[in-house]
Amino acid sequence: MTLPTAPRINPSILAADFANMQAELGRIASADFAHVDVMDNHFVPNLTFGPQMVERIQATSPIPLDVHLMITDPDRWAPGYAELGAASVTFHLEAAADPVALARRLRGRGARAGVAIKPGTAGEALYDIIDEFDQILVMTVEPGFGGQGFMPETMPKLRALHDEARRRGSDVWLQVDGGISSDTIAQAAAAGADTFVAGSAVYGAADIEAAVIGLRERARAASLES
């Protein structure tokens, strides 16, 4: 599989019409990944998809899956999502017992290994283990619900992670998720993000392909200016 170059736009299917999922996936064929939020009503107060649904999404999606696990005990459950064929599997640092071992297991099953941190979690917790991950997800809202407002106070943490990764020579992807729109994507790109999860900004647009292109171009311009 040839993975796309930065900046990447990953529409969140949490904003899609669940009753017409195959068609909704087809509408984002021009995006880079389909972002799939798995919530367990325990780690976060919401319940969404499980392995069976993700397996069906994997079978019908025209683009790779970027699975974000907002679940308790990812050490047990995350490898199964890699085995379903997800291109990327991200778990929360706050929920993992051994994040390094888990990342290695995900890579061993052919997936990119991602780690996510909540707004209140310090980025420094990842500095010494950056090389163990293919992607770091800096949450720009509290995980668990779509439609929240972007938290600009998370940008210094993102910038610091970007600078630390560059200092160490890491090519880790830096993803943001939460409140990403045409109005906020430039802030995140300027702070070092290269991978962007967008829900309503894509699925709520009259022209989804144009929305994806527009977000990508705004991110690219902001990145070049930073």
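In which loop is the place of Asp 73? Asp 73 belongs to the loop between strand E3 (65-70) and helix H3 (74-83), and Figure 4 returns to this residue.

The views show a predicted model, in which local features need pLDDT of at least 70, side-chain atom pairs count only at pLDDT 80 or more, and totals for chains, interfaces and linings use all residues. Residues are numbered from 1 along each chain as its sequence is written, and side-chain values use heavy atoms, with hydrogens and water left out.

**Figure 1. Overall fold of the predicted protein.** Eight helices and eight strands make up the secondary structure; helices (H or I, at least four residues) and strands (E, at least two) are DSSP runs, numbered from the N terminus. The radius of gyration is 16 Å, close to the 17 Å given by the globule rule for 226 residues, so the protein is as compact as a globular protein of that length. This radius is taken over C-alpha atoms, and the globule rule is 2.2 Å times the number of residues to the power 0.38. Along the principal axes, the C-alpha atoms fill a box of roughly 45 × 40 × 35 Å. Of the 226 residues, 55% are buried; buried means under 20% relative accessible area, exposed over 50%, and partly exposed in between (1.4 Å probe, protein chains only). Among contacts with a separation of 6 or more, 63% join residues 24 or more positions apart, a contact being heavy atoms within 4.5 Å.

**Figure 2. Surface and charges of the protein.** The protein exposes about 9,500 Å², of which carbon and sulfur atoms supply 49%. Accessible areas come from the Shrake-Rupley method with a 1.4 Å probe; for residues, only the protein chains shown count as cover. The 18 positive and 29 negative charges have mean positions 4 Å apart. Lys and Arg count as positive and Asp and Glu as negative, while His and the chain ends are not counted; each charge is placed at NZ of Lys, CZ of Arg, CG of Asp or CD of Glu.

Figure 3. Three aromatic pairs are found in a search of the whole structure. One of them joins Phe 33 and Trp 173 in an edge-to-face arrangement, at 6.0 Å centre to centre and 75° between the planes. Rings of Phe, Tyr and Trp (its six-membered ring) pair if their centres lie within 6.5 Å; planes under 30 degrees apart count as stacked, over 60 as edge-to-face and the rest as tilted. Because Phe 33 lies in the loop between helix H1 (21-26) and strand E2 (34-39) and Trp 173 in strand E7 (residues 173-177), the pair ties together parts that are 140 residues apart in sequence. Both Phe 33 and Trp 173 are buried. Arg 8, in strand E1 (residues 8-11), is likewise buried, at 3% relative accessibility. Not counting residues up to four places away in sequence, Arg 8 touches both members of the pair as well as Asp 32, Asp 194, Thr 195 and Phe 196.

Figure 4. Most residues other than glycine have a negative phi. Asn 41 has a positive phi near 60° and lies in the loop between E2 and helix H2 (51-60). Asn 41 is partly exposed, with a relative accessible area of 48%. Asp 73 has a positive phi of about 60° without being a glycine, and is partly exposed at 33%.

Figure 5. His 35 is found in strand E2 and counts as buried at 0% relative accessibility. Beyond its neighbours within four places in sequence, His 35 has contacts that include Asn 10, Pro 11, Asp 66, His 68, Gln 175, Asp 177 and Val 197. The C-alpha atoms of His 35 and Leu 215, 180 residues apart along the chain, are separated by 15 Å.

Figure 6. Thr 140 is placed in the loop between strand E6 (135-139) and helix H5 (155-167) and is buried, at 0% relative accessibility. Thr 140 and Thr 154 are 14 residues apart in sequence and 6.1 Å apart in space, C-alpha to C-alpha. With neighbours within four places in sequence left aside, the contacts of Thr 140 include Phe 150, Thr 154, Val 176 and Ile 180. Ser 181 is in the loop between E7 and helix H6 (185-190) and is partly exposed, at 21% relative accessibility. Under the same exclusion of neighbours within four places, Ser 181 is in contact with Ala 201 and Leu 215.
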